[in-house]
Amino acid sequence: MRKGIEAVLITALLFAFYYFGMHYFGKMTGTVIGIFSTLTVVSIGFMIFMENRHPSSTMAWILLLALVPIVGLVFYFLFGQNYFKRRKYDKKARKDGLVYTSEVLRKNTPDVSCFKPEVQQLLQLSTRLARTPISFSSDTKVLTDGEETFAALIAELEQAAHHIHMEYYIYRPDAIGTQIQEILIRKARQGIAVRFMVDAVGSLQLPPSFLQEMRDAGVQVAVFGSPKTIFFTSRVNYRNHRKIVVIDGSVGFVGGLNVGDEYLSRSKAFGFWRDTHMLVRGEAVRTLQIVFLQDWQYMTGEQPNEPIYYSPDLLENRSGAVQIIASGPDNERRALKNIFFSMIVSARKSVWLATPYFIPDEDILTALRVAALSGLDVRILFPSKPDKWLPFLASHSYFPALLDVGVRVYEYEKGFMHSKLLIVDGEVATIGTANMDMRSFHLNFEVNALLVHTDSVSKLVSDFEHDLESAIVYDRHHTRKKRIMTRLLESAARLMSPLL
């Protein structure tokens, strides 16, 4: 953190000297400061170049530094440095291995020969990338909106008898947040182990008093990535975007919903909030538990090891397979991004995608274009109004090239569409916390469920088709009638895509 503060202070001094040096220190001094600041920008540009990042990311940073040097320096020191990631998250990866040993995988080598060859290949890839087991002894239920999600969550929380583990990116101290807090406090006072974790940036508005009230009642609380001065450190760039709840080691929740009234469609700005969550029972809950405990150990040093934490009920004769897949900056395998890519290129009939942010890298963009050119039914469901303007504008810059090859783009108009789904051939799907954007691919800690031939896949297909009834087709007519300024903003936002 100290390095980040020093870097920003140096940048601020350069800014002051560069713009005011001419007036207060004379022309010669101002020129010297200008040369010094230029050399600083060039040096940092060279450092970025030598880090061998992805070419698009390298070019975006160099372009930003060249066009707006002072702003570029500030952005680099806040968001672009890799030293924190290398130092901290390599350490996290080593610690994670202590929580999740290969013993679980050795016990779980199911026969997947019942699936098509392309599905077998996908599962082989996902197992190698994620290093998590495939389960035929699990059950899943799709939760279509906030009402259904929180009703199911509260019902399961009320039945907790041993422990509650909860991890969210955003947790708000509003009506639903307070209602769940009261349940956690009551359960903790009953002697049930309650562990509660939120992300420091996502839950920045959560008052310390809210968390202290929970601690006073016996709830164990951890805040992920919480430096003293969060805006002066590159930690702001590596967030825990996961949403996980595990109850008594046998019931789990994962998906797109955080905790807040807006997810119950109580926001005047967004109105109806369309989102998708999932309830998990059986063997796959163990992996959700392990992902939570890896994050918990990283933040607290505690590793619960009682058998009940790792011994979910096995549900026999369940249809299809379920695999929980975690991804993050501590894993250079880019598990979720590569699994998304493999799902798209293995498709034989259709690729249906729902995401609130569409900022793909070149691999994903090419895969979608090739799928459409091959005659597949490729559809993208996207919100018609933004919650964040810059990603919204950048997303629209990718649509024309996709429309040209036959991809069908739909904009959801009933409210805000926040679901994060990828469905292939109506048989394989993934649902979770990851958006189809570079931040989820490279910067955030995410967790998804991969579903193969489960009843939940059929439900996701049905929900997707129903959502299309509340969407309009976004076609070339929409792009042609845009004002030149809007197009310029979209193109400018796209240049920032590797940084978003």
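Predicted model: local features only at pLDDT ≥ 70, side-chain atom pairs only at ≥ 80, totals over all residues.
**Rings, charges and helices**

Biologist: What sits over the ring of Tyr398?

Modeller: The charged end of Arg494 does, 4.0 Å from the ring centre. To count, NZ of Lys or CZ of Arg has to be within 6 Å of the ring centre and within 35 degrees of the ring normal.

Biologist: And over the ring of Phe272, which residue has its charged end there?

Modeller: That's Lys414, at 4.6 Å from the centre of the Phe272 ring.

Biologist: OK, the big picture then. How many helices and strands are there in the protein chain?

Modeller: The chain has 18 helices and 18 strands. Those are DSSP runs numbered from the N terminus: H or I over at least four residues for helices, E over at least two for strands.

Biologist: How much of the chain is buried?

Modeller: Of its 500 residues, 59% count as buried. Buried is under 20% relative accessible area, exposed is over 50%, and partly exposed is in between, using a 1.4 Å probe and protein chains only.

Biologist: What share of the contacts comes from residues 24 or more positions apart?

Modeller: 81%, taken over the contacts with a separation of 6 or more. A contact is heavy atoms within 4.5 Å.

Biologist: Back to Tyr398. Which aromatic cluster does it belong to?

Modeller: Tyr398 is in one cluster with Phe358, Phe382, Trp389, Phe392, Phe399 and Tyr474. The chain's aromatic pairs come to 19, a pair being Phe, Tyr or Trp rings (the six-membered one for Trp) with centres within 6.5 Å; planes under 30 degrees apart are stacked, over 60 edge-to-face, and the rest tilted.

Biologist: How are the rings of Phe399 and Tyr474 arranged?

Modeller: Their centres are 5.5 Å apart and their planes are at 65 degrees, so this pair is edge-to-face. Phe399 is in helix α14 (residues 389-403) and Tyr474 in strand β18 (residues 471-474), so the pair ties together parts that are 75 residues apart in sequence.

Biologist: Are Phe399 and Tyr474 buried or exposed?

Modeller: Both are buried.

Biologist: You mentioned α14. At what angle do α14 and α18 pack?

Modeller: At about 100 degrees, with their axes 7 Å apart; α18 covers residues 484-495. The axes are lines fitted to C-alpha atoms, for helices over the stretch in contact, and angles run from 0 to 180 degrees between N-to-C directions. α14 and α18 are therefore roughly perpendicular; the classes are roughly parallel under 35 degrees, roughly antiparallel over 145, roughly perpendicular from 65 to 115, and oblique for the rest. Residues making the contact include Tyr398 of α14 and Arg494 of α18.

Biologist: New topic, salt bridges. How many are there?

Modeller: The count is 17, each one a side-chain nitrogen of Lys or Arg within 4 Å of a carboxyl oxygen of Asp or Glu.

Biologist: Which residues are linked with Lys337 in a network of them?

Modeller: Asp361 and Asp363. The N to O distance is 3.2 Å for Lys337 and Asp361, and the closest N and O atoms of Asp363 and Lys337 are 2.5 Å apart. Asp363 lies in helix α13 and Lys337 in helix α12, so that pair ties together parts 26 residues apart in sequence.

Biologist: How accessible is Asp363?

Modeller: Asp363 is partly exposed at 36% relative accessibility. Lys337 is buried at 7%, and Asp361 is buried at 6%.

Biologist: How do the axes of α12 and α13 cross?

Modeller: They cross at roughly 10 degrees and come within 9 Å. α12 and α13 are therefore roughly parallel. Lys337 of α12 and Asp363 of α13 are among the residues making that contact.

Biologist: Last one. Where does Pro304 sit?

Modeller: Pro304 is in the loop between α11 (284-300) and β8 (321-327), and is buried, with a relative accessible area of 5%. Setting aside neighbours within four places in sequence, Pro304 contacts Arg195, Leu293, Tyr309 and Tyr310.

Note on methods: Residues numbered from 1 in each chain as written. Heavy atoms only, no water.
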